[in-house]
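This report looks at one protein chain, region by region. Please keep the structure open while reading.

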Amino acid sequence: MSITKQLQYKFSSKSQEESSKIIKLKIINGHMEQMYLIHRALKQQLKNNRIKNAHSKTRSEVRGGGKKPWKQKGTGRARAGSSRSPLWKGGGIIFGPRRKTYKSKINKKEKRLAINTILANKFSNTIVTRSILNNVITPSTKTAILEIKQLVTKIGKKHKLLIIVEKKTKPLYLSFRNIHNLELIEVHSINVLCLLKADTIIITNYALEQINNSTF
């Protein structure tokens with residue numbers, strides 16, 4: 001059963017202006033139901049991300065072997081029809097690994113419910129800001145670290161940050177690229193795995209509006 005939960009986020013800005021934004025998220029009610037849906041969405045994402053590239057050739061795919069090596073009878077040797085037989089060196093592989101695509105499906109509404117539920121559960125660890133490196137034209141990791149320290153007070157070595165923006169610009173991407181345990185994503189790329197891994201979520205005002213309007 002799904003319910004609508006109202007969340008009031010407080011803005012964190014450099015100018016010390018305190019204001020808030022109220023959004024409504026449709027989430028799953030009940031702990032066991034939440035765990036079941038989030039687990040399903042996570043399994044679907046991990047399965048779709050899986051890549052199996054190991055690929056061996058069968059006797060029909062190995063080049064050559066069209067000519068019969070020797071005549072059927074009279075040589076004293078074992079009969080052979082192709083030099084690409086799996087019994088021969090340089091021949092095909094029997095029951096070897098084959099390239100495979102893994103696909104799993106989940107309904108769009110279920111996936112959105114799972115994302116909304118995680119966002120609601122991580123409400124206390126979410127920081128909303130008006131903008132991140134808005135006026136930066138030249139990429140600067142030093143400026144990016146100072147910006148993060150102003151928003152997040154306590155950051156440990158294994159503390160994982162997730163920054164959600166409305167649009168990932170090149171200066172923004174290059175500024176945050178070399179920072180350890182930090183992931184920068186656009187709001188339409190929000191997913192279950194990145195939300196679960198994050199200890200703290202930093203989200204911009206416009207990205208929060210898109211989540212509220214369910215346009216991500």
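On one side of helix 3, K142, K149 and Q150 are exposed. Exposed means over 50% relative accessible area, buried under 20%, and partly exposed in between, with a 1.4 Å probe and protein chains only. Helix 3 covers residues 141-151, and its A144, E147, I148 and L151 are buried. These buried residues fall within an arc of 95 degrees seen down the helix axis, so they line one face of helix 3. The arc is that of the directions from the helix axis to the C-beta atoms.

Helices here are DSSP runs of H or I with at least four residues, strands are E runs of at least two, and both are numbered from the N terminus.

## Basis of the model

The model is predicted: local features need pLDDT of at least 70, side-chain atom pairs count only at pLDDT 80 or more, and totals for chains, interfaces and linings use all residues. Residues are numbered from 1 along each chain as its sequence is written, and side-chain values use heavy atoms, with hydrogens and water left out.

## Salt bridges

How many salt bridges does a search of the whole structure find? It finds two. A salt bridge is a side-chain nitrogen of Lys or Arg within 4 Å of a carboxyl oxygen of Asp or Glu. Side chains of opposite charge can pair when their charged atoms come close.

R40 is partly exposed because its relative accessibility is 28%.

A salt bridge also pairs E61 with R98, whose closest N and O atoms are 3.0 Å apart. Both E61 and R98 lie in the loop between strand 3 and strand 4 (100-101), 37 residues apart, and the pair links distant parts of the chain. E61 has a relative accessibility of 36%, so it counts as partly exposed. R98 is partly exposed too, at 33%.

## A positive patch

Which residues form the positive surface patch? They are K43, K47, R50, K52 and K100. Patches are made of residues with over 30% relative accessible area and no salt bridge; like charges are joined within 9 Å, and nonpolar side chains (Val, Leu, Ile, Met, Phe, Trp, Tyr) within 5 Å. Lys and Arg count as positive, Asp and Glu as negative, while His and the chain ends are not counted. The place of a charge is NZ of Lys, CZ of Arg, CG of Asp or CD of Glu. Areas follow the Shrake-Rupley method with a 1.4 Å probe; for residues, only the protein chains shown count as cover.

K52 belongs to strand 3 (residues 51-52). With a relative accessible area of 30%, K52 is partly exposed.

## Positive phi

Most residues other than glycine have a negative phi, and most peptide bonds are trans. F95 is not a glycine, yet its phi is positive, about 55 degrees. F95 lies in the loop between strand 3 and strand 4. Its relative accessibility is 84%, so F95 counts as exposed.

N181 also has a positive phi, about 60 degrees, and is not a glycine. The loop between helix 4 (170-176) and strand 7 (182-186) holds N181. N181 is partly exposed, at 22% relative accessibility.

## C-alpha separations

L87 is in the loop between strand 3 and strand 4. L87 is exposed because its relative accessibility is 79%. L208, in helix 6 (residues 205-212), is buried at 3%. The C-alpha atoms of L208 and P171 are separated by 22 Å; along the chain they are 37 residues apart.

Strand 7 contains E186. At 17% relative accessible area, E186 is buried. E186 and I164 are 22 residues apart along the chain, and their C-alpha atoms are separated by 5.6 Å. I27 lies in strand 2 (residues 20-28) and is buried, at 5% relative accessibility. The C-alpha atoms of I27 and T4 are 6.1 Å apart, and the two are 23 residues apart along the chain.
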